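I opened this notebook to record what I looked up in the structure, entry by entry.

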Amino acid sequence: MRLDKFLTKCTILSRSEAKKAIKKGIIVNDNIVKDISFNVNENEDKVYLHDKLLTYSEFIYIMLNKPQGVLTATEDKHTKTVVDLLKDEDKILKPFSVGRLDKDTEGLILLTNDGELSHSLISPKKDIDKTYYVEVMGILDSFKKELFLEGIVIDDGYKCKPAKLDIIENTENISKAYITISEGKFHQIKRMMKAIDCRVTYLKRLSIGKLVLDEDLKLGEYRYLTDNEINNLKNKKLGGVI
């Protein structure tokens, strides 16, 4: 890989800024290099910028606890996005969100630049489970639980795939539950609940496949995935909801 390209992939430098830095001298394996076209082995050579050893990674995997009011997008002129919550150094590899959450929904967002993994997680044919905590106005009971298992028909006539509803409690005003679905239609959970005369007042995604939201992450916080979490996500035997 050309040295200038290597610098842009490991730092926040633009290509022109990287070229200027190289002309001043970059240390590669204890040698000063000023040749922009100099080729480095990104996995073996040791490259330093301002005495800091640069680390090359092809992919990035980030778990983020999305707050309400933030868009699941890479950029927006008017509203803060999930990418805006990242530090500059974590934007270098241009991560994007895998799937979406509504603006008013909290919880787990996976950010990556691994297109193959993203496709495998959001493809309707893969039946990847996604579990949410939900609070609704209305009563949830065993009959409605069976309706979810059979497949709820939403407002446009579409019959959703079987889903799992685990009721936590019913109070006078609010019912609480966990719901697991294996698809991701627009506003799907809100529309499913509306179809059974319930209105969602709070929604939070807790898991995608085997990836579970870290309870230590506060709203707006994020961390890199562990090797074990990445391997679990790439395991094709993730299964469906039922």
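**Aromatic contacts.** I looked up ring pairs and noted that Tyr133, Tyr178 and Tyr202 are linked by them into a cluster. The model is a predicted one. I recorded four aromatic pairs in the structure. For Phe6 and Tyr56, I noted ring centres 6.2 Å apart and planes at 25 degrees, so this pair is stacked. Phe6 belongs to helix α1 (residues 3–10), whereas Tyr56 sits in the loop between β4 (52–53) and β5 (61–66); the pair thus links distant parts of the chain, 50 residues apart. Is Phe6 buried or exposed? I found Phe6 to be buried, because its relative accessible area is 1%, and the cut-off for buried is under 20%.

**Salt bridges, Asp102 and Lys190.** My search of the whole structure returned 12 salt bridges. One of them joins Asp102 to Lys190, with the closest N and O atoms 3.3 Å apart. I located Asp102 in the loop between β6 (96–97) and β7 (106–112) and Lys190 in helix α5 (residues 188–195), a link between distant parts of the chain, 88 residues apart. Asp102 has 19% relative accessibility and counts as buried. Lys190, at 21%, counts as partly exposed.

**Salt bridges at Arg191.** I next looked up the partners of Arg191. Asp155 forms a salt bridge with Arg191, the closest N and O atoms lying 2.8 Å apart. Asp155 is in the loop between α4 (142–150) and β9 (164–170) and Arg191 is in helix α5, 36 residues apart. The side chain of Asp156 also meets that of Arg191 in a salt bridge, at 3.2 Å from N to O. Why does this second pair tie together parts that are 35 residues apart in sequence? I noted that Asp156 lies in the loop between α4 and β9 while Arg191 lies in helix α5, so the pair ties those parts together. On accessibility, I recorded Asp155 as exposed at 56% relative accessible area and Asp156 as exposed at 54%. Arg191 counts as buried, at 17% relative accessibility.

**A salt-bridge network.** I also noted that Arg2, Asp4 and Arg15 are joined into one network by salt bridges that share partners.

**Surface charge.** Which residues gather in a patch of positive charge on the surface? I listed Lys19, Lys20, Lys23 and Lys24. I placed Lys19 in helix α2 (residues 15–24). Lys19 is partly exposed, with a relative accessible area of 32%.

Notes. Residues numbered from 1 in each chain as written. Predicted model: local features only at pLDDT ≥ 70, side-chain atom pairs only at ≥ 80, totals over all residues. Heavy atoms only, no water. Patch = residues over 30% accessible without salt bridge, like charges linked within 9 Å, V, L, I, M, F, W, Y side chains within 5 Å. Areas by Shrake-Rupley, 256 points an atom, 1.4 Å probe, with all protein chains shown as cover. Salt bridge = Lys/Arg side-chain N within 4 Å of Asp/Glu carboxyl O. Lys, Arg positive; Asp, Glu negative; His and termini not counted. Charge placed at Lys NZ, Arg CZ, Asp CG, Glu CD. Helix = DSSP H or I, 4+ residues; strand = E, 2+ residues; numbered from the N terminus. Buried < 20%, exposed > 50% of the residue type's maximum accessible area, 1.4 Å probe, protein only. Phe/Tyr/Trp six-rings, centres within 6.5 Å; stacked < 30°, edge-to-face > 60°.
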